[in-house]
Amino acid sequence: MPILYVLLTCFLTIFLEGFLVALSNFRFFFLLNIALFNKINWKYLLFFTVLGSVVLDVIYHYVLGTNLLITGISLLLMLGISLLVPLNYNLPGYSVKFFCIFIYYLLLAFVPELISTGNWVSITGLMVGGMVLKALASIAFCVVFDLVWSRLRKRDEGTKLRSL
Amino acid sequence: MKNNTTKGQNNNIVVYFSLLLAITLLLLDGLSGMKGVRNALSFVFEPTSFQANIAGSKVKEYFQTFVNLGNFRKEFNDLKIASYDKEAQYSNYVILKNENEALKKQIALGNREAKYVLANTLRDDNVDTLAIDQGSESGLQQGDVVTVGNIFVGIVSSVDLKGSTVRLPSDGNSHLEVVVLKVGQDGNVNTNILSSGVVSGSAEGIMIENIAMNSEVVDGDMVYINDSKVGGFYALGYVVALSSNPASTYKTAFVSPILDYDNLMQVFVRVE
């Protein structure tokens, strides 16, 4: 049954990703990865991350594994920083997430092109500005998501969701 | 706390495993076996993504309108100015065209021996008179005949240095002798005079009186001015609403003028 939930979430995420990318080039899949990190069972998170990123590679016509690589690098960076700054629900914690999301967007700007054609992409100031804005919006989403998640846990006394 | 730490450590596995799998997938993507995976995933997820993309693009278009509102306003103002400019040019062209047509009419049908002064009509609230922009400076005098081609417009009633007033046939003080001619099937006017009469202005319009009782005048016949004050034949209009009283010795009717006096732009004043 949980696998079904993950599959359904994957479909929903792909839909939202497509919608938000067309709207403002906003990446929802990685955002959900960050938001769900340390919140659900690692097996389901792994399944969701691998399946979602491979599907997105197919949709964006990237070389398979590109999205997974960028996601992995960004998360690895987050883990590295979290050794110094704990990933709590406070300003330093969200700052780490902000930096991690920013790095994700930065990598996304040139890594797919680099892998598929071997060419570097020049990054302009305007692009960096856009990345910062998108990272800020992502952090706002993370804050709301964390609040909703903690409320849900309280309501269900942490039994059902903890089992996920 | 211990549980959290374990979960945290387990989530670290996700990252390491993801990186490992990513590198493996990157290396394997060139193989033909991955093409099948690609096709299968594309078949399942592409429609969802496509529909989401369309929906996103539509919403973006909607919001883009608000973003570009400033540009739209500027463009609208520019277009408005351009439109005014074109309108001014068009008005100028209409005036020239009108003048050209009036001149053509005058050359083709008017009395070439007489001297004519071209005058532009000015806006006047009075429906029975017409203000023109030529006056005594151009040689106009009271009593001069105003025409367009061979169509009668009126008689100059007062003259200033740079403007004049023309009394139209619909004015109550206008009394002119006329003749009524028959209009043939082909639109040509017969030279046989059906009857003579007098036209005078009234509140109802241009009235024609004194049409002989035994004349064969019918609605649609042509009315021509034949008055010593005017000199020469000038078309005025058509007989309409012909009525005869058995007790009376003459018929009465109204004249539907050929020209619409409200829309006249140029007229010719015959100066002696």
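A: Start with one residue. With 14 C-beta neighbours inside 10 Å, Ala241(B) counts as partly exposed, because that class lies between 12 or fewer for exposed and 20 or more for buried. Keep in mind that this is a predicted model.

Q: Where does Ala241(B) lie, and what is its phi?
A: First the general idea. Most residues other than glycine have a negative phi. Now the case here. Phi of Ala241(B) is near 50°, a positive value. Ala241(B) sits in strand β10 of chain B.

Q: Which residue of chain A has a positive phi near 55°?
A: Asn25(A), and it is not a glycine. This residue is found in the loop between α1 and α2 (28–36) of chain A.

Q: How do I read two packed helices?
A: Two packed helices are described by the angle between their axes and the distance between the axes. Take α5 (residues 91–117) and α6 (residues 125–155) of chain A. Their axes come within 9 Å and cross at roughly 135°. The two helices α5(A) and α6(A) are therefore oblique to each other. Their crossing is right-handed.

Q: Which residues in α5(A) and α6(A) meet?
A: On the α5(A) side, they include Tyr94(A), Phe98(A), Ile101(A) and Leu106(A). On the α6(A) side, Met131(A), Ala135(A), Ile139(A) and Val143(A) are among them. By class, the residues of this contact divide into 14 nonpolar, one polar and two charged.

Q: How many residues does each chain give to the contact between chains A and B?
A: Chain A gives 31 residues and chain B gives 32. In chain A, α1 (2–24), α3 (42–60) and α4 (66–82) each supply at least two residues of the side that touches chain B. That side of chain A has 25 nonpolar, six polar and no charged residues.

Q: What is the secondary structure of chain B?
A: Three helices and 12 strands. Of its 272 residues, 25% count as buried. Now look at contacts in chain B between residues at least 6 apart in sequence. Of these, 55% join residues at least 24 apart.

Q: How do I read strand pairing around β11 of chain B?
A: Ask for the partner, the sense and the bridges. Strand β8 (residues 205–212) of chain B pairs with β11 (residues 250–257) in the antiparallel sense, over five bridges. There, Ile208(B) has Ala253(B) as its bridge partner. Strand β10 (residues 234–244) of chain B also pairs with β11(B) in the antiparallel sense, over six bridges. In that pair, Val239(B) is bridged to Val255(B). Strands β10(B) and β11(B) form a hairpin with five residues between them.

Q: Which strands pair with β5 of chain B?
A: Strand β2 (residues 129–132) of chain B pairs with β5(B) in the antiparallel sense over four bridges. Thr129(B) has Arg167(B) as its bridge partner. Strand β4 (residues 151–159) of chain B is joined to β5(B) by four bridges, and these two run antiparallel. Strands β4(B) and β5(B) form a hairpin with four residues between them.

Q: Which residues are on each side of β5(B)?
A: Strand β5 (residues 164–167) of chain B has Ser164(B) and Val166(B) on one side. Thr165(B) and Arg167(B) are on the other. All are buried, and both faces are covered.

Technical notes:
Residues are numbered from 1 along each chain as its sequence is written. Chains are lettered from A and ligands numbered from 1 in the order in which they are written. This is a predicted model: local features need pLDDT of at least 70, side-chain atom pairs count only at pLDDT 80 or more; totals for chains, interfaces and linings use all residues. Two residues are in contact if their C-beta atoms, placed from the backbone, lie within 7 Å. Axes are lines fitted to C-alpha atoms, for helices over the stretch in contact, and angles run from 0 to 180 degrees between N-to-C directions. Angles under 35 degrees count as roughly parallel, over 145 as roughly antiparallel, 65 to 115 as roughly perpendicular and the rest as oblique. A crossing is left-handed if the near helix is turned anticlockwise from the far one by less than a right angle, and right-handed if clockwise. Ala, Val, Leu, Ile, Met, Phe, Trp, Tyr, Cys and Pro count as nonpolar, Asp, Glu, Lys and Arg as charged, and the others, Gly among them, as polar. Two strands pair if DSSP finds at least two bridges between them.
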